[in-house]
Amino acid sequence: MAASSVEYGVSKRGKRTLIYGSYEYWIFKTNNVGQTMWRCSKYQVFRCRAYIRTVGESIVPGYEAPDHTHTGNVATARARAACCSGDE
């Protein structure tokens, strides 16, 4: 996967989402070291086990190109990123 920038969006329920590539991730858990684990938003639908770990705004090396069981949805990801970016 080529280097992509990390963007953030907002889910339908107002929760923060991470958008990386054309995939969307939801917060799964945060450990006591300060790393946040983001699970693919299609975990329940497709049993996708892809996840990303971040520290602050940067991705932890080794977790930047997970394997997904489905294709990404660029339109949905970009719409969610646009809704919270403040660029109008």
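C40 counts as buried, with a relative accessibility of 2%. Please keep in mind that this is a predicted model. C40 has a cysteine partner to consider, because the closest cysteine sulfur to its own is that of C48. Even so, the structure holds 0 disulfides. The points below take you through the cysteines and then the chain around them.

**The cysteine pair**
- C48 is buried as well, and its relative accessible area is 0%.
- Seen from C40, the sulfur of C48 lies 3.7 Å away, which is too far for a bond.
- Seen from C48, the closest cysteine sulfur is the one in C40, again at 3.7 Å and too far for a bond.
- A disulfide is a covalent bond that joins the sulfur atoms of two cysteines.

**The fold of the chain**
- The protein chain has 6 strands and 2 helices.
- Following the sequence, these elements come in the order β-β-β-β-α-β-β-α.
- Of the contacts between residues at least 6 apart in sequence, 36% link residues at least 24 apart.

**Burial and surface**
- The protein chain has 88 residues, and 35% of them count as buried; C40 and C48 are among the buried residues.
- The chain's accessible surface is about 5900 Å².
- Carbon and sulfur atoms account for 50% of that accessible surface.

Note on methods. Residues are numbered from 1 along each chain as its sequence is written. This is a predicted model: local features need pLDDT of at least 70, side-chain atom pairs count only at pLDDT 80 or more; totals for chains, interfaces and linings use all residues. Side-chain values use heavy atoms; hydrogens and water are left out. Helices (H or I, at least four residues) and strands (E, at least two) are DSSP runs, numbered from the N terminus. Buried means under 20% relative accessible area, exposed over 50%, partly exposed in between (1.4 Å probe, protein chains only). Contact means heavy atoms within 4.5 Å. Accessible areas come from the Shrake-Rupley method with a 1.4 Å probe; for residues, only the protein chains shown count as cover. A disulfide is a pair of cysteine sulfur atoms within 2.5 Å.
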